[in-house]
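Subject: Structure for you to look at

Hello,

Here is the structure I said I would pass on. Please open it first; my notes follow below it.

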Amino acid sequence: MKVTLRVKRYDPERDRSPRWQEYTVEVEDYATVLDALIKVREEIDESLALRCSCRSHICGSCAMRINQKGGLACKTKLAEVAGDGGTVVVEPAGNLPVVKDLVVDLVPFFDKVRAVDPYLQPAGPPPEREYIASNEDMENVKGAMACILCGACVSDCTVLEVDPDFLGPAALAKAWRFVADPRDAADEERLGALSERNGIWDCTHCFMCVEVCPKDVKPMERILDLRRRAMEAGFKNNNGSRHSDAFVETIRESGRLDETKVAIRSTSGLGELLSWSGVGLRSFLHGKVPLSHKPIPGAEHVRKIFDKLETKAGEAQ
Amino acid sequence: MLQHDVLVVGAGLAGMRAALEAKKQGVDVAIMSKVYPVRSHSNAAQGGINAALSEDDSWESHAFDTVKGSDYLGDQDAIEILAKEAPQAIIELENFGVTFNRDERGRLGSRNFGGASHARTYFVGDFTGQAILHVMFEQLLRTGLTSYDEWFVTQLVKDDSGAIRGVVAMDIRTGQLHLVKAKAVVLATGGMGRVYEPSTNALICTGDGMALAYRAGALLMDMEMVQFHPTTLKANGALLSEAARGEGAYLLNKDGERFMFKYAPNKLELASRDVVSRAEQIEINEGRGVDGCVLFDLRHLGAEKIMERLPQIRELALEFAGVDIIHEPVPVRPGMHYIMGGIKTDVWGKTNLDGLFAAGECACVNVHGGNRLGANSLLETVVFGKRAGAAAAEYVKSVGDVRVSEAWLRDEEARIEGLLKRPEGEKAAALRLEMGQTMTRNVGVFRTGEQLLEAQAKIQELKQRYQRVSVGDKGRIFNTNLQFVLELENMLDLAEVVVASALFRTESRGAHTRLDYPNRDDANWLKHTVATYTAAGPKLDTRPVTITRWEPQERKY
């Protein structure tokens, strides 16, 4: 099979800005994007820089953007992204500074992993033997332990695109691994810290991390679970948590979402509300603030559903 | 000036475990690796880690299985330590946070593995190495010790007395060379699989530590003992874990016969790796293979077990062989996987060079002898990584000020500059491929003196041609081409040692099968081979094998 790789290159010692370079190679039908890149590096252009090692999607070295999507080059078959005679576009991973060609700076990536205190913090001294834990619990944690810290999720995270300080999906999935681990006793501290700025409430549920993760870790689902656990643990003095509560409450009150009320109730109080007045005014001028909010006909039935659910939840506990 | 008490080179399991232990002793520790720690090849260990933890098992049984697996070439004092310290090592990993599979009582659950008389392999699905490596990394982050990520060591540095007192290393990101002084250096740089083509090993497994130590005067022991894993995929050499056979998978020839009945009537597919690989190669050589492979059949395990316990294997077979193991057997063949040999150390990781320690695959303690049992390699990294770290920390307390000449740095700078300035010549990748293919063809599962001499001549030719290899990338920042040229030099030196050691051992033992010397020869060869660097090539000698309680017997599975 013959494929053309259109590679985004940048050599800080030579280039002022990134440039595109095309390479055409002949590869086996089962070849991956990585196989082709290695062929280029070995036979055509030794100056092409990329990280790669295991070739079997376990080391996480070769995360990059392939046809605008984050992923592992060693897990991406050329037959699926280009086909015979086709072209595949290869770029460095997103949301991280480029060092050279397909190599990005991982220092900010690992700094964020470090920021979630990524180690088990059990209560008291260790037992004489292993901790007793159910296989089910271990299987559950294993879902996140499958993360190889490749950074594909970080590359394509839409929040990091606008806010580089967001902890991001990889670090938060790592944090979840400890909160969900029955052996860890620091849930309270962890959930409190994660509820702060740049933490769990900054995710916008865009699903990109779930989509691109090569190990099916589903970081976003872990983030949503952390939110639920944080609120249950009482960490509610934050806009995200207030937003979540207000969302439910306005529906209970009127049978449908009252966006204005949700926005107001999500803030910490008058001071913060006033700080958003510019945004409020612009929204109003663009017709984004509904002037009146009417309950839906039969809103009392919605309330009954809420009551019933709450009674049931109470019984279940 | 960069200086530490203990500098660990290599940040896989052995390296990180050594660093943690040294740090615990209160000395200043740094760890350095050419990749980020979580990229290390310990990741690739799928099946598990051995320990005699259950009540009906014993360390003696584990040790005996290991001795027998080694074809009596393992040093029994080291093997006793490995087996005795295994249970505590596993418990420690669990306490660190490894999510081992559990039994119905919530205790650690185990599985069967090759060459073992008990189900003593503890595991995390089929990504045990990755799970342990990442947990060890978590512990490393907890200590906050200095980590030189993506630094490539180009030279070991000696003081006037000849003791190892640091390294010259290249910060890959900037291309700058640095002299990093240390009172002790612990090498934990892993294996050298890339000397062969194909190999199950990652691209980073270029034997750097072994080659650096060898050129500095350390002894390389039993380098002819190269393990071929019985179940690798033809397309790219990818490994399908022994866990599959542990769970009950069959090996079939083209007639659908479970041929292991002929070669190992008791243990069948779960005989040790050298035995199974030889059996497969005989089937293939005698025309009972399928397209250079035998068939690996997991269908009878059922979809549920495959999905829960062997999901990664299914994924690999689907991707690289286009076969869904739930419905079809997958073709497999023996593939280069591991080197039992390495830098000779004592049971505390001490080498014959003052100030130099080693642990993990790059070292040879020697617990694997002629053939390593599956799931003993992860165990070796944590048991002997810990010991090397402790011993290095203890050692540095008696070392005074480090005095090494800046000339080490200048010489390395000149050497690298020279490489970059070479006129356009041969490509490093082409040489590596020729070397790898030669090693697979001539120094494989079966060897003859004639084939080995041919390989020796070829490696000499490649070493000559290496002098004309050029570096296509002239920059300094993240120059992976330059790094590869340096790695190739390491690999060529090691290929030379493997061939010379294989020529030297005129018998068949463990993974080393000489068709011209088909029998094990305890009278002459119950000995280790050791290679010493000389300008004219490796000088071979022998060392006695330590026998504590298990006298050599005929080996049957």
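In what order do the five strands of the open sheet in chain A lie? The order is E2-E1-E5-E3-E4, and the pairing is mixed. Strands E2 (19-26) and E4 (69-72) of chain A are the edge strands, each pairing on one side only. From one strand to the next the twist averages 35°. Strands of a sheet pair through backbone hydrogen bonds, either parallel or antiparallel. Here two strands pair if DSSP finds at least two bridges between them; helices (H or I, at least four residues) and strands (E, at least two) are DSSP runs, numbered from the N terminus.

Before the rest, some conventions. This is a predicted model, in which local features need pLDDT of at least 70 and side-chain atom pairs count only at pLDDT 80 or more, while totals for chains, interfaces and linings use all residues. Residues are numbered from 1 along each chain as its sequence is written, chains are lettered from A and ligands numbered from 1 in the order in which they are written, and side-chain values use heavy atoms, with hydrogens and water left out.

Chain A, sheet and domains
Strand E3 (residues 63-66) of chain A is joined to E4(A) by four bridges, and the two run antiparallel. In E4(A), A:Lys69 stands opposite A:Ile66. Helix H1 (residues 33-44) of chain A lies across E1 (2-9), E2, E3 and E5 (87-92) of chain A, at about 95° to E2(A). Such angles run from 0 to 180 degrees between N-to-C directions, with axes as lines fitted to C-alpha atoms, for helices over the stretch in contact (heavy atoms within 4.5 Å).

Chain A is divided into domain 1 (2-104), domain 2 (107-232) and domain 3 (239-316), with bounds from an automatic or database domain assignment. The centres of domain 1 and domain 3 of chain A, taken over C-alpha atoms, are 47 Å apart.

Chain A, helix H10
Helix H10 (residues 219-232) of chain A has 14 residues and reaches 20 Å from its first C-alpha to its last, close to the 20 Å expected at 1.5 Å a residue (1.5 Å times one less than the number of residues). Its buried residues include A:Pro219, A:Ile223, A:Leu226 and A:Met231. Buried means under 20% relative accessible area, exposed over 50%, and partly exposed in between (1.4 Å probe, protein chains only). Among the elements that cover the buried residues of H10(A) are helices H4 (135-145), H7 (168-179) and H11 (239-254) of chain A. A:Gly234, with a positive phi near 95°, follows H10(A).

Salt bridges
A salt bridge is a side-chain nitrogen of Lys or Arg within 4 Å of a carboxyl oxygen of Asp or Glu.

- A:Glu211 and A:Lys69 meet at 3.9 Å, N to O. A:Glu211 lies in helix H9 and A:Lys69 in strand E4 of chain A, so the pair ties together parts 142 residues apart in sequence. A:Glu211 is exposed at 52% relative accessibility, and A:Lys69 is partly exposed at 37%.
- B:Arg17 and B:Glu92 meet at 3.0 Å, N to O. B:Arg17 is in helix H1 (residues 13-24) and B:Glu92 in helix H3 (residues 76-96) of chain B, 75 residues apart. B:Arg17 counts as buried at 2% relative accessibility, as does B:Glu92 at 18%.

Regards
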